[in-house]
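Dear colleague,

I am passing on a structure for you to look through, and below it you will find my notes on what turned up in it. Please keep the structure open beside the notes as you read.

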Amino acid sequence: MPQTVKGVIARAKGEPVELTDIVIPDPGPGEAVVKIQACGVCHTDLHYREGGINDDFPFLLGHEAAGVVESVGEGVTEVEPGDFVILNWRAVCGNCRACRKGKPWYCFATHNATQKMTLTDGTELSPALGIGAFAEKALVAAGQCTKVDADARPAAVGLLGCGVMAGFGAAVNTGGVGLGDSIAVIGCGGVGNAAIHGAKVTGATTIIAVDVDDRKLERAKAFGATHTVNSSTEDAVERIRELTGGFGADVVVEAVGRPETYEQAFYARDLAGTVVLVGVPTPDMQVTLPMIEIFGRGGALKSSWYGDCLPSRDFPMLVDLYRQGRFDLDAFVTETIGIGDVEAAFEKMHHGDVLRSVVVLDD
């Protein structure tokens, strides 16, 4: 039977979010209902509320989540009731041209649940990134569930569902940073700090954090930054070169998504170095670079989709590193809040007061 639970929705562009009753249908073929234990408050949720994604209101917000599978539909073999899972927003299809080439992290046909969660009057909800986890329960595609060690803390490991995975993957999966490498990360929010922490875990020796906020730069040191650059007071490109023997970094991760910071990343890399764009630009943004510089500097200019991750491969590995004390997911959790406190968390996000607020329903 369909269930009525509490969830956080955005009814209209720019309006405060609302805690209300939502209806969760029984899972159909290929679907699962997950009892949500924790869900991070991500900038993407704020973009949904402000109409920056699309105008398919009302939205059921929340997507960085972990919980326990309650029930599954016909044909589901990936998970079963009782499994502790992290939700992901890119459930690979296994059949598209990327999947058939053995590169499922590029899957071009990712999917979500077929059925819709609704308001009690039948109004269909648009789940944020196909998840909608600011709720006591959520209906998702079974492929969006990745089983991990049940001893892990939901409030911490749920962050792998978006920001932390995006940052770690940008540095490690897309950028290929490894032993002895140098890396610069421009933008030290949750994604940028995850890139920094990933570089530390994989053995980079020079890890340069770049931001305009000294508070964020100080925080970046705790995640593994060996050097910090405040680009509001010094030339970031020149300083990165100074810190890398005059050459530039092997990998530069741009975690802001703006033309001016992308240009910094381009010129701050070593010859044959790699630039990784993981910050999300708006559709109107453009960047202009001399073609001779693109040719002459060589290397690679890449974008990173969700950290080029494969959840079935990467989530369990990162949870293992977390439980071994080698990847500090707890450090990304600034505060835990109730499901009715999402709007206040958005306000703190505006002021840069938190790295991540995490809604906890059952931690």
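**Strands, charges and cover**

Strand S3 (residues 31-40) and S9 run antiparallel and are joined by five bridges; strands count as paired if DSSP finds at least two bridges between them, and the strands and helices themselves are DSSP runs (E, at least two residues, for strands; H or I, at least four residues, for helices), numbered from the N terminus. Within this pairing, Lys 35 stands opposite Lys 137 in S9.

Before going further, please note that this is a predicted model, in which local features need pLDDT of at least 70 and side-chain atom pairs count only at pLDDT 80 or more, while totals for chains, interfaces and linings use all residues. Residues are numbered from 1 along each chain as its sequence is written, and side-chain values use heavy atoms, with hydrogens and water left out.

S9 is mostly covered, since five of its five residues are buried; here buried means under 20% relative accessible area, exposed means over 50%, and partly exposed lies in between, with a 1.4 Å probe and protein chains only. Lys 137 counts as buried because its relative accessibility is 13%.

Which residue does Lys 137 meet in a salt bridge? The partner is Glu 70, at 2.6 Å from N to O, where a salt bridge is a side-chain nitrogen of Lys or Arg within 4 Å of a carboxyl oxygen of Asp or Glu. Glu 70 lies in strand S5 (residues 64-72) and Lys 137 in strand S9 (residues 137-141), so the pair ties together parts that are 67 residues apart in sequence.

By the salt-bridge rule, the count comes to 19. Another of them is formed by the side chains of Asp 353 and Arg 215, at 3.7 Å from N to O. This pair links distant parts of the chain, 138 residues apart, with Asp 353 in the loop between helix H11 (342-350) and strand S18 (357-360), and Arg 215 in helix H6 (residues 214-223). Asp 353 is partly exposed at 41% relative accessibility, and Arg 215 is partly exposed with a relative accessible area of 46%.

The side chains of Arg 258 and Glu 260 also meet in a salt bridge, at 2.7 Å from N to O. Arg 258, with a relative accessible area of 40%, is partly exposed, and Glu 260, at 43% relative accessibility, counts as partly exposed too.

Turning to another group of strands, five of them form an open sheet with mixed pairing, in the order S7-S2-S1-S4-S8. Its edge strands are S7 (118-119) and S8 (126-127), each of which pairs on one side only. Inside this order, strand S1 (residues 3-10) and strand S2 (residues 18-24) pair in the antiparallel sense over seven bridges, and the bridge partner of Thr 4 in S2 is Val 23.

Finally, is Pro 154 buried or exposed? Pro 154 lies in helix H3 (residues 154-157) and is buried, because its relative accessible area is 8%. The C-alpha atoms of Pro 154 and Asp 308, which are 154 residues apart along the chain, are separated by 23 Å.

With best wishes
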